[in-house]
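Please read them with the coordinates open.

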Amino acid sequence: MSQPNEQQSSEAAQASPSSSRPRFAIVGAGVIGRQHGLVTSQLTDRLELVAVADVVPERAAELTAARGGRPYPSLTGALAAEDIDVVVVCTPTGLHGTVAIEALEAGKHVIIEKPAEVTVAKTDEIIRARDKAGTLVTVISQHRFDPSTEKTLAAIRAGEFGRVSSGIAAIDWWRGQSYYDSGDWRGTWELDGGGALMNQGVHTVDLLVAALGRPVEVFAYTGTLAHERIEVEDVATGVVRFESGALGVLHATTSAYPGLSARLQVHGDRGSAVIDNDQLAFFHATPVGQDIEERLMGTTQVTSGGGDDTASSNPGQLSDAHRMQYLNFLDALAGNARLRVDLETNRQSIAVITGAYESARTGKPVRLR
Ligand SMILES: NC(=O)c1ccc[n+]([C@@H]2O[C@H](COP(=O)([O-])OP(=O)(O)OC[C@H]3O[C@@H](n4cnc5c(N)ncnc54)[C@H](O)[C@@H]3O)[C@@H](O)[C@H]2O)c1
């Protein structure tokens, strides 16, 4: 499978209009579709929203009334009527593949909400369609663009954490029964693809993978313990082994009342980071070439990341993080940047999560490919 690289970015740029703003269509005008409407309205100097498609016509009409463009009952209708460059897929997860592939077969660039699809096999179908189309596809993983994440990943890349040996992805959230009851697709295997680990946890799993590298094996237990009328888990715990030898812990729940934070911990022998609720709660890195002071125990004089300007990332403002990913996508479309989150990246997180589900079903560790 090929990675969208700099060359592909510039080829994509040739396929898109260089003199005018790319024309966007949003498919799915629900909770996250409305966020994308907000982001597109904040970037009118760089793009134009020309269409919104939703199978519930009032939702498409409401979003176009607020953010521009014309409403359609389907992507097919929008593609027939409008000149579209980029399709943004905001439907329930299990429909992402169908919508994205229709857009790719029409030669469009695509932004897909997370996760790309509900299985690795379906994600691979999108990858094949993208390779055939030769266009750009990004999967939303907005927390990759948080300053706390950027600082941590930059330190790891620079060798300032030394040998990175372990990490923890913990999502201690609450979702009431009313959340699961709010849409027929929520909590189903077919359309949600999983529960706490897939829907809520994929962001933090993605950061764990970004920090620790390629995952190769997972073992997990899951349970549906505090909710009714859902097929999927509301608690998942697991362990992951990475290609580098590093070990990771997974903990995801939507049963932790009243809803605490999502947290990532990454540990190496020269530095560690704790990102809590998108903020750096702890950060220590040792520049390459600088000796670390050998201590029996590392309990004193550690550095906190709090208070410096790179530590804040507006956790409450979803659209800010989405906007940063849009800017990277638009720069890649113009041939001026490398796409920072691609399908292959998201595929690794989906492999960890679906591998965890298989492990929980079979009681055995699952090798990932
Ligand atoms: N990045 C994030 O932080 C984030 C947050 C929330 C949701 N999401 C993701 O966004 C996706 C949608 O979640 P949501 O909470 O907005 O769901 P939602 O139910 O609120 O909205 C989905 C919308 O898609 C429409 N729809 C369904 N099938 C369609 C089709 N074939 N064509 C056009 N429209 C169709 C529905 O009518 C609905 O309006 C999910 O994949 C979810 O994981 C991401």
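A residue is taken as near a molecule or strand if its C-beta atom, placed from the backbone, lies within 6 Å of it.

1. Basis. This is a predicted model, in which local features need pLDDT of at least 70 and side-chain atom pairs count only at pLDDT 80 or more, while totals for chains, interfaces and linings use all residues. Numbering starts from 1 along each chain as its sequence is written.

2. Ligand shell. There are 24 residues around the ligand, and those that come nearest are Gly-28, Gly-30, Val-31, Ile-32 and Glu-113. By class the shell holds eleven nonpolar, nine polar and four charged residues (Ala, Val, Leu, Ile, Met, Phe, Trp, Tyr, Cys and Pro count as nonpolar, Asp, Glu, Lys and Arg as charged, and the others, Gly among them, as polar). Helix 2 (residues 31-42) gives the largest share, three residues. Helices (H or I, at least four residues) and strands (E, at least two) are DSSP runs, numbered from the N terminus.

3. Helix 2. The end C-alpha atoms of helix 2 are 17 Å apart, which agrees with the 16 Å that its twelve residues should span at 1.5 Å a residue (the expected span is 1.5 Å times one less than the number of residues). Buried positions in helix 2 are Gly-33, Arg-34, Gln-35, His-36, Gly-37, Val-39 and Thr-40. A residue is buried if 20 or more other C-beta atoms, placed from the backbone, lie within 10 Å of its own.

4. Six strands form an open, parallel sheet in the order 3-2-1-4-5-6; strands pair if DSSP finds at least two bridges between them. Strand 3 (70-72) and strand 6 (137-139) stand at the edges with a single partner strand each, so one side of each lacks a neighbour in the sheet. Strand 2 (residues 48-53) is joined to strand 3 by three bridges, and Ala-51 stands opposite Arg-70 in strand 3.

5. Helix 2 lies across strand 1 (23-27), strand 2 and strand 4 (86-89), at about 165° to strand 1. Helix 5 (residues 96-105) lies across strand 1, strand 4 and strand 5 (109-112), at about 165° to strand 5. Axes are lines fitted to C-alpha atoms, for helices over the stretch in contact, and angles run from 0 to 180 degrees between N-to-C directions; contact requires C-beta atoms, placed from the backbone, within 7 Å.

6. Gly-97. This residue of helix 5 is buried, with 22 other C-beta atoms within 10 Å. Leaving aside residues up to four places away in sequence, Gly-97 touches Glu-117, Lys-122, Glu-125 and Ile-126.

Terms used. A residue is buried if 20 or more other C-beta atoms lie within 10 Å of its own, exposed if 12 or fewer, and partly exposed in between; C-beta atoms are placed from the backbone. Two residues are in contact if their C-beta atoms, placed from the backbone, lie within 7 Å.
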